[in-house]
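Here's a quick tour of a protein fold for someone just starting out. Have a look at the picture, then work through the notes below.

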Amino acid sequence: MKKLSIFLLLILLGTVLAACNSDEDAAATDGEVSGEITVWVHPYTGDAEAEEAMWDEIVASYEEKFDATVTIETIPWGNRDQKILTALAANNGPDVFYAIPDQMPQYADEGMLLELDPYLEDNNMDDFVDTALVSTKWQDKTYGLPILQEAYTLFYNVEVIEAIGKDPENLPSTWSEFEEWAKAAKEEGYYAYSYQGGGSMNGTLYPFLWQAGGKVVTQDDEVMINNAEGVEAFEFINKMYEKGWVPEDSITAMNHDAIWNAGEMLAVQGSGISLTNLQESGLDFVIAPPLKNKEQKTYGTTGMFVVPTNSDNPNAAAEFVKTVTSAENQRRFNTVTQYIPTRESAKDIFDDQQYLKQLSQYTQYALPGVIHPKGRNIMPMIQAEVQTMMEGEKTPQEAADAAAEAIEAEIAK
């Protein structure tokens, strides 16, 4: 969606939301749950019939408890921002909708989302994975509850491990250990890692930056990408490229599936959604915990449900968000979608699935990205500086400094 279009829609929303905000506290305390609500969801799998049955069960669990009715509407992923903003501006949007981490802070910062904290005293928040709640908070207020999570980590080719004289039962856990394996892989004619430089920063720079103990930008607009920890991450990526541990096209590559499938790569980064492709490759692989330098961190998106401030029925909407993210309904939802539940007590759905059970243990390390209204906008700016560094035109420090300047300029707009 064009920035100008978003800006104009937010102006339209201003008058609608101003009236809603004044009634928010009263709505949260009157306790009445009745009437009707509309919930917007997306197609999470290719099985519409299974999803429909899943939603029927989730809605039934809500309607059995409350004197309210729910209409589920499935909207496509494409142009979802525009559809949501347009509907809310016209005051005919949903009462609940699904959001991802880079949407939530944009909407919350503009006053578009209902704060949920007044509704959560009875919601057993301790059962949620801490990292899943990171994506639901803006300026210390909760604007959503998470229903799904992912955890990216390294998948290793067992045949390559054995070819370089290493042990598949003793995988690298730190940067220094990974470097040792990368050198051995290079010596034996293998690439060590798939660095997809044309893809999202969530899967390229950010995990290394977090592992180095760094941050991109805080919720108070402090830009930190070019501090010592941030530069260390730039340096590590630059070293991988200069040493030939990653393929020559890593500056702009979107994937290295062909290299992995040919058995020419030691490790790739993947998550639960990668399992099908990895298994279809026919290669024997093992999964390692996320790497650690100063910290053990990785990336993993979080999906949540939120309530717009101009909902006609905020009480019923907030209670639906609590119901759909309960342990019982997370089991229903994630059994069908095969994502990882954000409640620890619901992870038992994967007890008999080797790989998903292992990955579910790693969500404790999985950050959802940069939680900031400009988080999405600054990604291409950072990507451009990392690519310039890998091309040899800037040092890691110069690239990090240039990225910081670009972020500061974007925030100042």
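The lining of the largest pocket divides into 14 nonpolar, 15 polar and 2 charged residues. (Ala, Val, Leu, Ile, Met, Phe, Trp, Tyr, Cys and Pro count as nonpolar, Asp, Glu, Lys and Arg as charged, and the others, Gly among them, as polar.) Keep in mind that this is a predicted model: local features need pLDDT of at least 70, side-chain atom pairs count only at pLDDT 80 or more, and totals for chains, interfaces and linings use all residues. Residues are numbered from 1 along each chain as its sequence is written, and side-chain values use heavy atoms, with hydrogens and water left out.

**The largest pocket**

- About 870 Å³ of space lies in this pocket, where a volume is the space filled by probe spheres set on grid points, and points are joined across faces, edges and corners.
- Of its 31 lining residues, the closest to the centre are Tyr 152, Gln 196, Gln 269, Ile 273 and Ser 274.
- On a 1 Å grid over the protein atoms alone, a pocket is an open set of points with protein on both sides within 12 Å along at least five of seven lines, while a cavity is a set where a 1.4 Å probe fits but cannot get out; lining residues have an atom within 4 Å of a point.
- At least two lining residues each come from α11 (257-261), β9 (265-270) and α12 (275-280); helices (H or I, at least four residues) and strands (E, at least two) are DSSP runs, numbered from the N terminus.

**The cavity**

- There is 1 cavity of 30 Å³ or more in the structure.
- The largest cavity holds about 100 Å³ of space.
- Its lining includes Tyr 152, Thr 153, Phe 178, Gln 269 and Thr 298.
- β7 (153-157) and α9 (205-211) each give at least two residues to that lining, and α9 gives the most, with 3 residues.
- What classes of residue make up the lining of the largest cavity? That lining has 8 nonpolar, 4 polar and no charged residues.

**The sheet of four strands**

- An open sheet with mixed pairing has 4 strands in the order β8-β9-β7-β10; two strands pair if DSSP finds at least two bridges between them.
- β8 (191-193) and β10 (285-287) are at the edges with a single partner strand each, so one side of each has no neighbour in the sheet.
- Neighbouring strands here are turned by 25° against each other on average, direction ignored.
- Helix α8 (residues 175-187) packs on this sheet and touches β7, β8 and β9, where contact means heavy atoms within 4.5 Å.
- The direction of α8 makes about 155° with that of β8; axes are lines fitted to C-alpha atoms, for helices over the stretch in contact, and angles run from 0 to 180 degrees between N-to-C directions.
- β7 and β9 pair in the antiparallel sense over 4 bridges, and Thr 153 has Gly 270 in β9 as its bridge partner.

**The sheet of five strands**

- Another open sheet has 5 strands, ordered β2-β1-β3-β12-β6, with mixed pairing.
- Its edge strands, β2 (67-74) and β6 (144-149), each pair on one side only.
- β3 (residues 96-99) and β12 (residues 302-306) run antiparallel, joined by 3 bridges, and Tyr 98 stands opposite Phe 305 in β12.
- Helix α13 (residues 314-324) packs on the sheet, touching β1 (34-41), β2, β3, β6 and β12.

**The whole protein**

- In total, the protein has 17 helices and 13 strands.
- Its C-alpha atoms fill a box of roughly 70 × 50 × 35 Å, taken along the principal axes.
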